[in-house]
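Okay, thanks everyone for coming.

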Amino acid sequence: MAGVADKARFYLERSVPQLREWEEKEIFSKVHPALQDEIRTIVQKRNQYEHKVLSPGNTAYDWSSYAQWEQSLETLRTKRCKRLKIRHLTSAHAGQGRVLGIYERGVGRHPGSSPLWREYLSYTAGVKASKRWRRTMTNALRMMPTDVDLWVMAGRRSAINGDMAAARGFFMRGCRFCTSDCSLWIEYARCEMEWLAKMEDKKTKSKTKEAIPARRPADDDELRIDDSDDEGEDEDGVIMPEPTQAQAKVIDKMAAQQLASNPALDGAIPMAIFDISRKQAFFKPDVAERFFLMFATFRQLPVYDRISQHVLDTLTAQFPKDPATASCLVRQPIAGISPLTAEFPRGLREALPLLTEKLASTSDREALVKKTEAWIDECLAVEGLDEGIKTVLEYTKGSLTEEAE
């Protein structure tokens, strides 16, 4: 334990200037003779945490608890400064730096702890430490290249910042690693659809049909990952995870070029993502159905009809009798339409005859019934639903139940 005590003392001594300033300005001190010295309490608490995280057998939870305690202390310090009207502190950013240092040490000790990495990323995003977030995300992806949520987080942040080139780079690289599940592929397509919706909205507002170029983010908030073969280190000297030869074939050079450089706003990129996912081992009728339902949330886009029809054509060609195919065909007239709009009853008028037809021809009637009951329940749960529509849906659901019995 001698080594642990020396290391703990080293980290505690680094906070001495901060503690002395707090005491001098009476932010933390003896508030009352009968009460314990707050500075001493802070030192004791930090000493306990340091011994705990530095001792053998420490866990990621110990580091997380330590960081959260420091954050609560920093929050208390901020409130007291406001109350005492203290506007300048030499150590104003020391608390934030200390929390970042704890997280950095924690993920160094537990590089495989996904919750700790996410907590670290969440904190850096909260304090707007953009460069630190970029470096942390790069390190996290190197440690856990098959973590879907991390790739989605990185891609979405770039897209939000207006850099779709970097976002596509993240998603394409992630898709090479995450080939056992469809979640990342669907999120990639969703991100592209959101970008199309944003471009359509801008085009409508500007009253012009010219394609609007992507806005470049500020240099200090940009995540750069170029999806090319000659990749080296990033600006912090950290190398991104490299896919193996087999993983690289998931998206070949031609497909990567199509995904990265296609400037068209006609839905070609989301369709290309769907087509490449068809070649993966995870592709099944249910996966195609998830793509279809995701695309349906963007029904207002002009390209929706083309994209949804492409998915339906694929389902019909590859899985003509599958209940997922039947469910998509039935829901096509009403998918993505609010039950509170006038378009919904018109679509429902088309969907119900299709349901009767598909129930008779599907290979698994019971599965189709379950899928139908699920979306009917979603519609019935909408507040303010028209009584006539509610009656029709309840009758349809009841007839399905009676036939199943």
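Let me start with a quick one: is R77 buried or exposed? Buried, it turns out, with a relative accessible area of 9%. And please keep in mind while you look that this is a predicted model.

So what does R77 do with its side chain in there? The R77 side chain meets that of E74 in a salt bridge, at 2.3 Å from N to O. Both residues sit in helix α4, 3 residues apart, which is about one turn of the helix. E74 is buried as well, since its relative accessible area is 15% and the cut-off for buried is under 20%.

Staying in helix α4, let's go to E70. Its side chain forms a salt bridge with R46, 2.8 Å from N to O. This pair links distant parts of the chain: E70 is in helix α4, residues 60-84, while R46 is in helix α3, residues 38-54, and the two are 24 residues apart. How accessible are they? E70 has 2% relative accessibility, so it counts as buried. R46 comes out at 1%, so it counts as buried too.

R46 and E70 belong to a network of salt bridges that links them with E50, R98 and R105.

Now for a third pair. The side chains of R118 and D149 meet in a salt bridge, 3.3 Å from N to O. Here R118 lies in helix α6, residues 114-126, and D149 in helix α8, residues 148-160, so this bridge ties together parts that are 31 residues apart in sequence. On accessibility, R118 is partly exposed, with a relative accessible area of 23%. D149 has 47% relative accessibility, so it also counts as partly exposed.

The chain has 405 residues, and 47% of them count as buried. If you take contacts between residues at least 6 apart in sequence, 68% of those join residues at least 24 apart. And for those of you who like surfaces, the accessible surface of the chain comes to about 21,300 Å², with 52% of that belonging to carbon and sulfur atoms.

That's it from me.

Note on methods. Residues are numbered from 1 along each chain as its sequence is written. This is a predicted model: local features need pLDDT of at least 70, side-chain atom pairs count only at pLDDT 80 or more; totals for chains, interfaces and linings use all residues. Side-chain values use heavy atoms; hydrogens and water are left out. A salt bridge is a side-chain nitrogen of Lys or Arg within 4 Å of a carboxyl oxygen of Asp or Glu. Helices (H or I, at least four residues) and strands (E, at least two) are DSSP runs, numbered from the N terminus. Buried means under 20% relative accessible area, exposed over 50%, partly exposed in between (1.4 Å probe, protein chains only). Contact means heavy atoms within 4.5 Å. Accessible areas come from the Shrake-Rupley method with a 1.4 Å probe; for residues, only the protein chains shown count as cover.
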